[in-house]
Amino acid sequence: MAIASLRFHHNYALFPKNPCLFQNSHLHPSSRFSSVQYRPRIRASSAVAVESESSIEAQDNSDVDLFACPICYEPLIRKGPSGFNLPAIYRSGFKCRKCNKTYSSKNIYLDLTITAGTKEYNEFIPAGTELFRSPFVSYVYERGWRQNFNRSGFPGPDEEFNMAQDYFKSAEGGVLVDVSCGSGLFSRKFAKSGAYSRVVALDFSENMLRQCYDFIKDDATILGSNLALVRADVSRLPFVSGAVDAVHAGAALHCWPSPSNAVAEINRILRSGGVFVGSTFLRVSSSTPELLRPFRQRIIRDYNYLTGEEIEDLCTSCGLVNYTRTIQQSFIMFSAQKP
């Protein structure tokens, strides 16, 4: 399914390369998650103005049970062609019934950040987040940058994907959200696997999402699959509470400004029995020589590098259970479940 009206112009400005940083996406979040309640599907009495082609009749459809307003978590009213794929969502508009705020696809991703549509307001964003909004860094992420991770024990994307799939067995057939997806390295694999009813590739970086589309556009098997590209803050996830079966966060947790807020949000959107799988760098591991541990801790002091035990404590303190982990050198992949 081609999208003839989409055109992208990349201006890849040079930016310093730092292989120790990773993709993440955040604004300053709210921590009031306990008051969020699941809301049933609603019928829309009003519509959002959308762009559509004459061959496609605009209509309300049923994805209001997934996307929610990032401000109040009210399920969004959708107006546009039916279907959950890039062409359909690109031609759709979304509106919050409570806030009356509208959200739309910009280029090829749906912008569901709190500041979507603002023109003059700017908020402080951590340097690590800004780094991955650079067109150059987004471009090189899969073209050399990610390959450096094997030095710290990352087994490689194919093996990491297989490990994640093993953890996600109970979530097959459900909705999977790949948070801090970067250029969509794993989002594309999840979508292509056919194991999930819907896959959302989510990131705060506009250029990472554009890179993700650049990898997708020439592959009809992914372009027409149940995949959406969404710009959002991992500490303010735009999904209805309890609407998601699986959340994946590959090489991301250590760059989140507040891992506790992000994991609390992940817990909120997961259904009962839903699974959270993540991978990251460890601050220290059993293989780190004692003499090098203080040095390594100083090097990574500006990032949320944790030990395996601290990650377990983080997950359990946010209400997740059945924590398991696999460690290879300074690489850890872990899984936790919502009760």
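**Entry 1: Phe239 and the cores**

I started at Phe239, which, leaving aside neighbours within four places in sequence, is in contact with Leu66, Phe67, Ala68, Tyr73, Val177, Val200, Leu202, Val244, Arg268 and Ile269. Contact here means heavy atoms within 4.5 Å. This is a predicted model, in which local features need pLDDT of at least 70, side-chain atom pairs count only at pLDDT 80 or more, and totals for chains, interfaces and linings use all residues. Residues are numbered from 1 along each chain as its sequence is written, and side-chain values use heavy atoms, with hydrogens and water left out.

I then looked up the largest nonpolar core, which has 51 residues; Phe239 is listed among those with the most contacts inside it, as are Trp256 and Phe276. A nonpolar core is a set of buried Ala, Val, Leu, Ile, Met, Phe, Trp, Tyr and Cys residues joined through side-chain atoms within 4.5 Å. Buried means under 20% relative accessible area, exposed over 50%, and partly exposed in between (1.4 Å probe, protein chains only). Helix α8 (residues 259-269) gives the most to this core, 5 residues. Another core, of 40 residues, lies apart from it and includes Tyr141 and Leu229.

**Entry 2: Confidence and overall counts**

I noted an average pLDDT of 79, with 72% of the residues scoring at least 70; pLDDT is the predictor's confidence in each residue, from 0 to 100. Over residues 1-64 the pLDDT stays under 50. Where pLDDT is low, the predicted coordinates should not be read in detail.

I counted 10 helices and 12 strands. These are DSSP runs numbered from the N terminus, helices being H or I of at least four residues and strands E of at least two. Of the 339 residues, 58% count as buried.

**Entry 3: Strand β3**

I checked strand β3 (residues 93-96) and found both faces covered: Gly93 and Lys95 are buried on one side, Phe94 and Cys96 on the other. β3 pairs with strand β2 (residues 76-80) in the antiparallel sense over 4 bridges, and two strands pair if DSSP finds at least two bridges between them. Cys96 has Leu76 opposite.

With strand β4 (residues 102-106), β3 has 3 bridges, also antiparallel. Lys95 faces Thr102 there. The β3-β4 hairpin has 5 residues between its strands, and Asn100 takes a positive phi near 65 degrees.

**Entry 4: Leu320**

I found Leu320 in the loop between α10 (308-317) and β11 (321-328). Leu320 is buried, at a relative accessible area of 2%. Beyond four places in sequence, Leu320 touches residues including Val263, Phe276, Cys315 and Ala336. Leu320 and Ala336 are 16 residues apart in sequence, yet 5.7 Å apart in space, C-alpha to C-alpha.

**Entry 5: Salt bridges**

I looked for salt bridges (a side-chain nitrogen of Lys or Arg within 4 Å of a carboxyl oxygen of Asp or Glu) and the structure holds 12. In one, Lys189 meets Asp158, with the closest N and O atoms 2.7 Å apart. Lys189 lies in helix α5 (residues 185-193) and Asp158 in helix α4 (residues 157-167), so the pair ties together parts 31 residues apart in sequence. Lys189 is partly exposed at 24%, whereas Asp158 is exposed at 52%.

Glu265 and Arg268 also meet in a salt bridge (2.6 Å, N to O). Glu265 and Arg268 are separated by about one helical turn because they stand 3 residues apart in helix α8. Glu265 is buried at 0% relative accessibility, and Arg268 is buried at 6%.
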